[in-house]
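Student: I am new to this structure and would like to be guided through it. May we proceed by question and answer?

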Amino acid sequence: MIERVMKRYRFQPYLPDLLAALLLAVLPLIVFWQVWAANPHDRVIFGGDILMGAYPTRVYIHRLFNLGQLPLWNPYQLAGMPLLGDVQTAPYYVPNLLLDLLYRGRDLPYMAFEMLVVAHYALGALLLFAYVRNLGVRPAAALIGAIAFEFNGFFVGHRGHYNMFAVVVWLPGVLWLLDRAWSAARTRHALAWAVAAGLALSQMVMAGHPQVTLYCSLTILAYMMYRWAGGLRGSHGWRARLRTPALFGLAGLLAGGLAAVALLPAA
């Protein structure tokens with residue numbers, strides 16, 4: 001009995017965060033209920049570029065992977081064109097790869113691709129929630145901010161432009177992980193958080209929209225400069241002064257190395 005009570009009180013401080021995270025994950029399923037509606041008369045699909053371009057290309061890449069082939073060339077557009085060289089196809093973007101793995105050996109239905117889009121709304125909200133909570137914002141206020149981010153005009157307006165908002169959902173995650181790296185007390189913890197930031201940054205790059213990636217990268221660079229300038233006031237010694245840009249550089253190098261599989265063919 002005593003052990004149960006102790007476990008309960010250990011778990012209780014995290015309960016508001018867990019409930020908020022659960023709500024943020026479920027909300028997109030409620031808002032976009034017509035995507036997965038069982039009744040075909042209620043069913044409404046995402047239209048626009050995602051239907052005309054992103055999904056057919058995704059299906060073709062998925063079939064190539066099923067055949068054990070690399071997505072190097074697309075003979076079905078124009079007179080043929082590079083497939084891996086088109087950065088918007090994002091064949092090695094991890095969420096796309098997870099979808100390919102889930103439907104390995106089977107055709108990729110449009111609803112599955114739509115649900116991947118819907119999942120990005122939850123991903124962006126959860127990452128922003130983690131970022132603002134790390135800043136010391138209370139759970140209720142962080143939840144309101146995350147909901148506002150989850151259904152902001154850019155996300156809702158560009159739901160048919162999968163690559164564009166898939167880039168932006170990673171932005172708060174990169175900022176959160178960099179903040180954790182910069183504030184970590186031990187060097188190995190700082191390095192671990194910087195590596196995690198690099199992994200998130202690589203996915204932002206590989207999501208497949210160079211213009212939006214550039215805007216987000218400039219935002220991250222400006223944020224690093226802001227954090228660095230603030231940290232210089234109380235730091236002593238050259239190691240402490242270079243800590244912020246060094247961890248940022250580590251994250252950037254890792255992201256660039258991983259994203260090279262998309263950037264080099266595009267170049």
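Predicted model: local features only at pLDDT ≥ 70, side-chain atom pairs only at ≥ 80, totals over all residues.

Student: Which elements does the protein have, and in what order do they run?
Tutor: The protein has 12 helices and two strands. Read from the N terminus on, the order of these elements is α-α-α-β-β-α-α-α-α-α-α-α-α-α.

Student: What percentage of the residues in the protein is buried?
Tutor: The C-alpha atoms fill a box of roughly 60 × 50 × 35 Å, taken along the principal axes. A residue counts as buried when its relative accessible area is under 20%. Of the 267 residues in the protein, the buried share is 41%.

Student: Are helices α2 and α5 roughly parallel or roughly antiparallel to each other?
Tutor: Helix α2 covers residues 15-31 and helix α5 covers residues 110-134, and their axes are 8 Å apart. The two helices pack at an angle of about 155°. An angle over 145 degrees counts as roughly antiparallel. Therefore α2 and α5 are roughly antiparallel.

Student: How many nonpolar residues does the contact of α2 with α5 have?
Tutor: From α2, the contact is made by D17, A20, A21, L24, A25, P28 and L29. From α5, the residues are M115, V118, Y121, A122, A125, L126, F129 and R133. By class, two residues of this contact are charged and no residue is polar. The number of nonpolar residues is 13.

Student: Are α2 and α6 roughly parallel or roughly antiparallel?
Tutor: The axes of α2 and α6, the latter formed by residues 139-150, come within 10 Å and cross at roughly 15°. Angles under 35 degrees count as roughly parallel. Hence the relation of α2 to α6 is roughly parallel.

Student: Which residues of α6 make the contact with α2?
Tutor: On the α2 side, the contact is made by P16, D17, A20, L23, L24, L27 and P28. By class, the contact has 10 nonpolar, no polar and two charged residues. The residues of α6 that take part are P139, L143, A146, I147 and E150.

Student: With which residues is F129 in contact, leaving aside its neighbours within four places in sequence?
Tutor: F129 is placed in helix α5, and because its relative accessibility is 6%, F129 counts as buried. The C-alpha atoms of F129 and P172 are 8.5 Å apart in space, although the two residues are 43 residues apart in sequence. With those neighbours left aside, F129 is in contact with D17, A20, L24, P139, A142, L143 and A146.

Student: Why are the buried residues of α4 said to lie on the same side of the helix?
Tutor: In helix α4, residues 94-102, the buried residues are P95, N96, L99 and D100. They lie on the same side because the arc they cover around the axis is only 145°.

Student: Which residues are exposed on the other side of α4?
Tutor: The buried residues of α4 are covered by elements including α3, α5, α8 and α10. On the other side of α4, the exposed residues are L98, L101 and L102.

Student: Is L78 buried or exposed?
Tutor: L78 lies in the loop between β1 and β2. L78 has a positive phi of about 55° although it is not a glycine. Its relative accessible area is 81%, so L78 is exposed.

Student: Is A90 buried or exposed?
Tutor: A90 lies in the loop between β2 and α4. Its phi is near 45°, a positive value in a residue other than glycine. With a relative accessible area of 3%, A90 is buried.

Student: Which residues does T213 touch, not counting residues up to four places away in sequence?
Tutor: T213 is found in helix α11, residues 210-231. At 9% relative accessibility, T213 counts as buried. The residues touched by T213 are V167, M204 and V205.

Note on methods
Residues numbered from 1 in each chain as written. Heavy atoms only, no water. Axes fitted to C-alpha atoms, helices over the stretch in contact; angles between N-to-C directions. Helix = DSSP H or I, 4+ residues; strand = E, 2+ residues; numbered from the N terminus. Parallel < 35°, antiparallel > 145°, perpendicular 65-115°, else oblique. Contact = heavy atoms within 4.5 Å. Nonpolar A, V, L, I, M, F, W, Y, C, P; charged D, E, K, R; others polar. Buried < 20%, exposed > 50% of the residue type's maximum accessible area, 1.4 Å probe, protein only. Arc of directions from axis to C-beta.
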